[in-house]
Amino acid sequence: RPGLLPTLATLCMMALTFAAGRWQLGRAVEKEALRSRYEYMLKQPPLSLAQPPGDIAALRYRLLVADGEFLPDRQIYIDNREHSGLSGFYVITPFALAGSKAVVLVNRGWIARGAQYPQAPRVAVPAGLLRVEGVGSVPSRRFLELSEQAVAGQIWQNLTFERVEKQLGLQVLPIVLLQQNGNDAALSPMEEQPDFKIDTHRGYAFQWFALTATLMVIYVVVNCKRRAT
């Protein structure tokens, strides 16, 4: 005859762990849908930014084409970026779209730190009317800045559209174009390679369901005893 309080406590814990398992399974389903969208978008024909769509979110993972010219005096470097086991910078250059007041940020690629670090290596900016092709990306908003010196001239710790607006005085489209054509020889092109962590969510779901089952087993073992004969 188990007590009321232990029974209620066990049921509450089982409900919580079971709900957590279901939530993790739901996240796995959401990530599967996101991965399907990613694969679908990469197969679509390139989309021109001459007339940006109303739904900018639809540009993520999409092959994009932009005509215009770079703004060399607004180029910035995002520090502490890893590539092939080395630390370096993302080179971000605003790109003014032809026939429009819109500006899009172009990630021209990655460059390693040089002997002059913490200064960034000098990367020339192509001049004149150009066509840039690449994949639409959105910078992560999950980052930790340990120093208040998040912006030191052209060197930034992280990239946000709000920071671009404040520091550079530019109204930019909320998308970053990962350039794939005409990159500077010193730069390594960046690719959108999201880790959807679908198996991770499924693993967490299994752990939560296993904990639910364990609580049930413990409850039965603790409260059931062999009747004396």
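In this predicted model, Val106 is in contact, once its neighbours within four places in sequence are left aside, with Phe70, Val91, Ile92, Thr93, Phe95, Val132, Leu177 and Gln179. Val106 also belongs to the largest nonpolar core, which has 15 residues, and is one of the members that touch the most other members, together with Leu49, Phe95, Leu97, Val104, Leu173 and Leu177. Two or more residues of this core are contributed by each of strand S2 (63-70), S4, S5 and S9. Apart from this core lies another, made up of 14 residues, among which are Ile92, Leu105, Leu159 and Val164. In soluble globular proteins, nonpolar side chains tend to be buried together.

Val164, one of the residues of that other core, is also among the buried residues of helix H2, which spans residues 161-168; the buried residues of this helix are Phe161, Arg163, Val164 and Leu168. Because these residues cover an arc of only 155 degrees around the axis, they are placed on the same side of H2. The buried residues of H2 pack against several strands, namely S3 (76-83), S4 (86-97), S5 (103-112), S7 (151-152), S8 (155-156) and S9 (172-179). The helix is followed by Gly169, for which phi is positive, near 70 degrees.

Positive phi values are also found in residues other than glycine, one of them being Tyr61, for which phi is near 70 degrees. Tyr61 is located in the loop between strand S1 (47-48) and S2. Since buried means under 20% relative accessible area, Tyr61, at 1% relative accessibility, counts as buried. Asn80 likewise has a positive phi, near 60 degrees, and is a residue other than glycine, but the place of Asn80 is in strand S3. With a relative accessible area of 39%, Asn80 is partly exposed, as this value lies between the limits of 20% for buried and 50% for exposed.

A further backbone feature concerns the peptide bond that leads from Tyr117 to Pro118, which is cis, with omega near 20 degrees. Pro118 lies in the loop between S5 and strand S6 (130-137).

Key
Residues are numbered from 1 along each chain as its sequence is written. This is a predicted model: local features need pLDDT of at least 70, side-chain atom pairs count only at pLDDT 80 or more; totals for chains, interfaces and linings use all residues. Side-chain values use heavy atoms; hydrogens and water are left out. Buried means under 20% relative accessible area, exposed over 50%, partly exposed in between (1.4 Å probe, protein chains only). Helices (H or I, at least four residues) and strands (E, at least two) are DSSP runs, numbered from the N terminus. The arc is that of the directions from the helix axis to the C-beta atoms. Contact means heavy atoms within 4.5 Å. A nonpolar core is a set of buried Ala, Val, Leu, Ile, Met, Phe, Trp, Tyr and Cys residues joined through side-chain atoms within 4.5 Å.
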